[in-house]
Amino acid sequence: MIPVFDGHNDFLQRMVDAGAARDSLWLKGDGTGHMDLPRMQAGGLAGGFFAIWTPSPESDLDAALAVMKENPPFSLPLPDEVSNADSLPRALAQAGQLMAMERTGTLAICRSAADIRAAMEAGKIAAILHIEGAEPIADMDALHVWHAMGLRSLGPVWSRPTRYGHGVPFAFPGSPDTGPGLTEAGKDLVRECNKLRIMLDLSHLNEKGFDDIAALSDAPLVASHSCAHAVAPSTRNLTDRQLQVIAESGGLVGLNYAVGFLHPEGRRDPMQGFEVILRHLDHLLNVLGEDGVALGSDYDGAQMPEDLSDASKVQNIVQAMLDHGYGPELTAKIAHRNWIGVLERTWGA
């Protein structure tokens with residue numbers, strides 16, 4: 001198998017919800033969700049970014065999901081901001097779960113590219129502690145605390161506002177050019193992340209915020225789980241202009257497997273085969289080049305295509321790339337080498 005390193009998953013909240021059964025959920029699986037250790041091993045999913053995320057109130061999420069299940073067009077308002085007081089306990093609980101997974105001896109929390117390589121060589125899951133939506137970070141002192149805990153990747157927003165910036169609303173068709181840019185606190189956050197060599201994740205960020213980070217950051221620009229707007233005009237996808245900016249920075253985009261962001265008409269119907277996925281990959285490669293494209297599944301956070309229904313199926317996309325003519329070298333780059341390369345350029349060796 002060609003190993004796969006993945007740009008985004010939302011597994012940690014499942015660990016929180018499992019309570020006393022968390023170790024069994026990770027080590028054995030319970031047949032639910034998209035990920036656990038046995039399914040990752042079966043699919044050659046060698047590691048990735050484990051996201052800490054605070055959901056909006058259930059009533060807001062339920063209403064959003066109900067709308068998005070209908071065929072487009074749709075346009076949802078941004079949820080309200082979530083306070084630091086509400087998000088911090090949940091974030092710490094999820095971070096604790098990742099540390100508990102490390103204590104089983106099957107996973108290593110990685111703070112450098114060398115750590116990732118060492119974990120993969122040892123047969124351990126190589127995990128990056130990532131925060132999606134910076135609500136748990138009250139100020140720059142808190143950022144340093146999180147960095148000391150192992151934080152190496154940060155998305156300033158999910159699809160709602162924070163004190164740092166604004167996410168894109170879920171809409172189809174739509175443009176990511178919605179709302180204002182980063183706040184002054186957001187600009188300070190970018191500068192401090194650069195000093196600490198924390199990767200900044202542009203997925204979910206609106207276009208003006210994207211441009212602010214591009215102007216301020218001295219690191220490669222990265223979108224961990226996004227698709228091509230030219231193929232599927234969702235607000236969550238990246239325009240060709242944005243892709244070109246990422247390319248010029250030596251950055252990278254991880255392809256999101258979420259059906260609603262892949263589908264050219266924005267539908268959330270069951271998706272079979274790899275024709276649409278390969279259209280996105282071809283487009284991303286055309287703009288970003290062979291070193292700028294990777295994978296970012298969104299496992300345990302979105303509706304998956306049938307042929308990528310869980311982590312055990314990851315080799316299906318590897319085989320699809322080979323069958324499409326990418327060849328073993330390019331396929332291995334997209335599968336894992338490009339992620340390690342951009343992290344080395346961001347964090348240092």
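Helices (H or I, at least four residues) and strands (E, at least two) are DSSP runs, numbered from the N terminus. The model is predicted, and residues are numbered from 1 along each chain as its sequence is written. Local features need pLDDT of at least 70, side-chain atom pairs count only at pLDDT 80 or more, totals for chains, interfaces and linings use all residues, and side-chain values use heavy atoms, with hydrogens and water left out.

Two loop residues have a positive phi. Aspartate 300 lies in the loop between S11 and helix H13 (314-323). Its phi is near 65°, a positive value in a residue other than glycine. Aspartate 300 counts as buried, at 17% relative accessibility; buried means under 20% relative accessible area, exposed over 50%, and partly exposed in between (1.4 Å probe, protein chains only). Histidine 204 sits in the loop between S8 and helix H9 (207-216). Phi of histidine 204 is near 80°, again positive in a residue other than glycine. Histidine 204 is buried, with a relative accessible area of 6%. A cis peptide bond runs from phenylalanine 172 to proline 173, with omega near -10°. Proline 173 is found in the loop between strand S7 (171-172) and helix H8 (184-196).

Strand pairing was examined next. Two strands pair if DSSP finds at least two bridges between them. Strand S6 (residues 151-155) is mostly covered, with five of its five residues buried. Four bridges join S6 to strand S5 (residues 125-132), and the two run parallel. Histidine 130 has serine 153 as its bridge partner in S6. The chain crosses from S5 to S6 through helix H7 (residues 140-149), and this β-α-β crossover is right-handed. A crossover has that hand if, with the strands pointing away from the viewer, the path from the first strand over the helix to the second runs clockwise. S6 is also joined by two bridges to strand S8 (residues 199-200), in parallel. There, serine 153 stands opposite methionine 199.

The buried residues of H7 are Ala142, Leu143, Trp146 and His147. Seen down the axis of H7, they fall within an arc of 145°, so they line one face of the helix. The arc is that of the directions from the helix axis to the C-beta atoms. Exposed Asp141 and Ala148 are carried on the face of H7 turned away from its buried side.

Strand S10 (residues 252-255) pairs with two strands. Three bridges join S10 to strand S9 (residues 222-226), running parallel. Alanine 223 has valine 253 as its bridge partner in S10. Three bridges also join S10 to strand S11 (residues 293-295), again parallel. Valine 253 is partnered there by valine 293. Leu252 and Gly254 point one way from S10, Val253 and Leu255 the other way, and all are buried. S9, helix H10 (residues 240-248) and S10 make a right-handed β-α-β unit.

A cavity is a set of points on a 1 Å grid over the protein atoms alone where a 1.4 Å probe fits but cannot get out; lining residues have an atom within 4 Å of a point. The search of the whole structure finds three cavities of 30 Å³ or more. The largest cavity has a volume of about 70 Å³. It is lined by 13 residues, of which Leu202, His204, Leu205, Arg236 and Leu238 lie nearest its centre. The second largest cavity has a volume of about 50 Å³. Its lining includes Asn194, Met199, Val222 and Thr346.

How values were computed:
1 Å grid on protein atoms, 1.4 Å probe; cavity = no way out; pocket = protein on both sides within 12 Å on 5 of 7 lines; lining within 4 Å. Points joined across faces, edges and corners; volume = space filled by probe spheres on them.
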